[in-house]
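Me: Please take a close look at one part of this model: the packing of its elements against one another. Keep it brisk, and spell out the cut-offs.

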Amino acid sequence: CLLKSDCRSVLMCEEKCAAPLKKTDHASRFLAVTQCLKEHCPEFPPSTTCAALHCGVAASECAVHTACRTALECANGCIPKG
């Protein structure tokens with residue numbers, strides 16, 4: 001991923017989104033979602049269907065907390081649409 005500029009840009013964007021969660025309880029929830037996506041939906045960008053099918057529970061657990069949901073929405077905005 002680091003060798004592809006679009007993927008690298010997404011990683012840097014997502015890191016900025018997650019920055020406010022550092023040293024909070026929400027960080028582990030956000031990491032659970034991103035880890036799930038890496039394990040179950042390794043394509044770039046991850047398909048919405050794969051994410052919903054395999055990572056819906058982790059995403060839901062994050063989404064019920066405002067700070068985690070905000071970071072998740074921000075990170076989703078980093079992924080190129082198309």
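Reply: Start with the overall size. A compact globule of 82 residues would have a radius of gyration near 12 Å, and the protein agrees, because its own value is 12 Å. That radius is taken over C-alpha atoms, and the globule rule is 2.2 Å times the number of residues to the power 0.38. The model is predicted, so local features need pLDDT of at least 70 and side-chain atom pairs count only at pLDDT 80 or more, while totals for chains, interfaces and linings use all residues. Residues are numbered from 1 along each chain as its sequence is written, and side-chain values use heavy atoms, with hydrogens and water left out.

The C-alpha trace spans about 30 × 25 × 20 Å along its principal axes. The protein has four helices and zero strands, in the order α-α-α-α from the N terminus. Both kinds of element are DSSP runs, numbered from the N terminus: helices are H or I with at least four residues, strands are E with at least two. Of the 82 residues, 22% count as buried. Buried means under 20% relative accessible area, exposed over 50%, and partly exposed in between (1.4 Å probe, protein chains only). Among contacts with a separation of 6 or more, 61% link residues 24 or more positions apart. A contact means heavy atoms within 4.5 Å.

Now the helix pairs. Take α1 (residues 5-18) and α4 (residues 66-78): their axes come within 8 Å and cross at roughly 165 degrees. Axes are lines fitted to C-alpha atoms, for helices over the stretch in contact, and angles run from 0 to 180 degrees between N-to-C directions. The two helices are therefore roughly antiparallel. That label needs an angle over 145 degrees; under 35 is roughly parallel, 65 to 115 roughly perpendicular, and the rest oblique. From α1 come V10, C13, E14 and C17; from α4 come A71, C74, A75 and C78. By class, this contact has seven nonpolar residues, no polar and one charged. Ala, Val, Leu, Ile, Met, Phe, Trp, Tyr, Cys and Pro count as nonpolar, Asp, Glu, Lys and Arg as charged, and the others, Gly among them, as polar.

Next, α2 (residues 26-40) against α3. Their axes lie 8 Å apart, at an angle of about 170 degrees. So α2 is roughly antiparallel to α3. R29, F30, A32, V33, C36, L37 and H40 of α2 meet C50, A51, H54, C55, A58, A59, E61 and C62 of α3. The tally here is 11 nonpolar, two polar and two charged.

C50 deserves a zoom. C50 sits in α3 (residues 48-63). Its relative accessibility is 12%, so C50 counts as buried. Setting aside neighbours within four places in sequence, C50 touches H40, C41, E43 and C55. From C50 to L37 is 13 residues in sequence and 8.3 Å in space, C-alpha to C-alpha.

The pair α3 and α4 packs at about 125 degrees, with axes 7 Å apart. That makes α3 oblique to α4. A59, C62 and A63 of α3 contact C68, R69 and L72 of α4. Five of these residues are nonpolar, none polar and one charged.

Last, the segment after α4, where P80 is found. P80 has a relative accessible area of 40%, so P80 is partly exposed. Beyond neighbours within four places in sequence, P80 is in contact with V10, F44 and P45. P80 and F44 are 36 residues apart in sequence, yet 9.4 Å apart in space, C-alpha to C-alpha.
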